[in-house]
Amino acid sequence: MAEFDRRRKRVCRFCEDKIDTIPYLNDRLLRRFTNERGKIVPRRISGTCAFHQRRLTNAIKRARHLAILPFASEVYR
Amino acid sequence: MRTYETTFILGPQADEATFDRQVKAVSDLISNHRGIIHKEERIGIRRLAYPIKKYTQGYYTRFIYDADNSVLTELERFFKLEEPYIRYLTVVCEGNPDGMAEDFHRSSRRPQAVPNREVKEKPAVEETPAVEEQSRPTESPEVNAESVTEPRSDPEEATEEKQTESEADSTETKEL
């Protein structure tokens, strides 16, 4: 139970690292916030705060346009 | 005048000289319209996440510059007309342009001496199955030990625990 509580209280990693402009060219960073289907991970799971989730969503969408991230993963197509 | 950031992708079937010429065409266009280029960043050939115009690779370049918005319409026209430019994106540059470039470099290549967080989470991303096997067994005894209320005196142990936990978490999000 204690473990469960602690897992819920994940802090936003962008707040921790003090990153306000999320680099949309950084695929390794952004991939951490998409699942293997290429979907954006909701913040209730990733623990990202509302402010950064909005920015993150934007960055992921930009990255998709530039073919840095997939719109949908090849495996499931 | 505003600071903009334009990234574009060139078709991969060309030599360095051709890339140079094509990149220069863009920088000329910006400076001919009284734009000031702060940074030209050649990211180079990179695999595309999905095929564009039947290409699977592309040559990425990014410009950070000050310009009037009239330049943007010109740029857009240019990119649409010219064949080798397969994709482009222009956004208003937020914050410190140098900082953004730094961020990109930091983790698109192998991280060297960077914040511990980057290093910590790296194995979880790259070798998911191996980490899964390792972290599961190590996690449970730790939690048990905690529930017996063992006094956590040394700080090393605490950080170690946190690490395995964050790894376990990220593997979990992968599974979903």
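This is a predicted model: local features need pLDDT of at least 70, side-chain atom pairs count only at pLDDT 80 or more; totals for chains, interfaces and linings use all residues.
The largest nonpolar core brings together 27 residues, and Phe14(A), Leu30(A), Leu66(A) and Tyr60(B) have the most contacts inside it. Two or more residues each are supplied to this core by helix H3 (27-31) and helix H5 (50-65) of chain A, and by strand E2 (36-52) and strand E4 (85-92) of chain B. The largest share, five residues, is that of E2(B). Leaving aside residues up to four places away in sequence, Leu30(A) touches Ile22(A), Pro23(A), Tyr24(A), Leu56(A), Ala59(A), Ile60(A), Ala63(A) and Leu69(A). Another core lies apart from this one; it has 18 residues, among them Leu29(B), Tyr59(B), Tyr65(B) and Leu75(B).

Aromatic rings come next. Over all chains, the whole structure holds eleven aromatic pairs. In the pair of Tyr4(B) and Tyr65(B), the ring centres are 6.3 Å apart and the planes meet at 40 degrees, so the pair is tilted. Tyr4(B) counts as buried because its relative accessibility is 7%, under the 20% limit. Tyr65(B), at 0% relative accessible area, is buried as well. Elsewhere, one aromatic cluster is formed by Phe8(B), Phe63(B), Phe78(B), Phe79(B), Tyr85(B) and Tyr88(B).

Charged groups also meet rings. The charged end of Arg13(A) sits over the ring of Phe14(A), 6.0 Å from its centre, while that of Arg46(B) sits over the ring of Tyr60(B), 5.6 Å from its centre.

Notes: Residues are numbered from 1 along each chain as its sequence is written. Chains are lettered from A and ligands numbered from 1 in the order in which they are written. Side-chain values use heavy atoms; hydrogens and water are left out. A nonpolar core is a set of buried Ala, Val, Leu, Ile, Met, Phe, Trp, Tyr and Cys residues joined through side-chain atoms within 4.5 Å. Buried means under 20% relative accessible area, exposed over 50%, partly exposed in between (1.4 Å probe, protein chains only). Helices (H or I, at least four residues) and strands (E, at least two) are DSSP runs, numbered from the N terminus. Contact means heavy atoms within 4.5 Å. Rings of Phe, Tyr and Trp (its six-membered ring) pair if their centres lie within 6.5 Å; planes under 30 degrees apart count as stacked, over 60 as edge-to-face and the rest as tilted. A charge sits over a ring if NZ of Lys or CZ of Arg is within 6 Å of the ring centre and within 35 degrees of the ring normal.
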